[in-house]
Amino acid sequence: MTREETIRTFNFGTWRDNLNSEMSDADSKPLFEALDMAISALKQQQDQESKPLNGWISVKDRLPDNKEHDWVLAQVVEDNGYMHIPRVMEYRQAKNDWFEETYGWLSEHNGLFSVTHWIPLPLAPEVKND
């Protein structure tokens, strides 16, 4: 049985019908809780496997949200295939272009560069003044 079939079976509750009808509530409650935990773990594992392991998101799949000052780490590739070191960039949804401090707006380069993938920046560390 595949994981998807297992999740579907557990979700529909058909497994409950197959349990011994003579089980007391006290006996069945821990079993039901354990099965609910197993369902949750299977779903979480399935969700994690559907995400890329390294966290990079293709611009073909999704672009960054258009929040003010929403900077991301972006992979820039030249038209000749040369891949640059990832750069901190801002995506501007209204104009469908990317801003980088050194190069400015990538749309101004007439297609010499393109962003292929991006990943959200991590949260800044909390600095404690001792």
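Which residue in E6 does Ser58 stand opposite? Hi everyone, that is my way into the sheet today. The answer is His117. Please keep in mind that this is a predicted model.

Let's walk across the sheet. It is open, has 6 strands and runs in the order E1-E6-E2-E3-E4-E5, with antiparallel pairing. At the edges stand strand E1, residues 57-58, and strand E5, residues 104-105; each has a single partner strand, so one side of each is left without a neighbour in the sheet.

While we are in E6, which covers residues 113-120, have a look at Val115. Its relative accessibility is 10%, and under 20% means buried, so Val115 counts as buried. Val77 lies 38 residues from Val115 in sequence, yet the C-alpha to C-alpha distance is 6.2 Å.

E4, residues 97-100, pairs with E5 in the antiparallel sense over 2 bridges.

How many aromatic pairs does a search of the whole structure find? It finds 2. In one of them, the ring centres of Trp71 and Phe99 are 6.0 Å apart and the planes make 75 degrees; over 60 counts as edge-to-face, so that is what we call this pair. The pair links distant parts of the chain, since Trp71 sits in strand E2 (residues 71-78) and Phe99 in strand E4, 28 residues apart. Are these two buried or exposed? Trp71 is partly exposed, with a relative accessible area of 23%, while Phe99 counts as buried at 19% relative accessibility.

Then there is Tyr91 with Trp98, an aromatic pair at 4.9 Å centre to centre, with 50 degrees between the planes, and this one is tilted. Tyr91 counts as buried, at 6% relative accessibility, and Trp98 is buried too, with a relative accessible area of 8%.

Note on methods
Residues are numbered from 1 along each chain as its sequence is written. This is a predicted model: local features need pLDDT of at least 70, side-chain atom pairs count only at pLDDT 80 or more; totals for chains, interfaces and linings use all residues. Side-chain values use heavy atoms; hydrogens and water are left out. Two strands pair if DSSP finds at least two bridges between them. Helices (H or I, at least four residues) and strands (E, at least two) are DSSP runs, numbered from the N terminus. Buried means under 20% relative accessible area, exposed over 50%, partly exposed in between (1.4 Å probe, protein chains only). Rings of Phe, Tyr and Trp (its six-membered ring) pair if their centres lie within 6.5 Å; planes under 30 degrees apart count as stacked, over 60 as edge-to-face and the rest as tilted.
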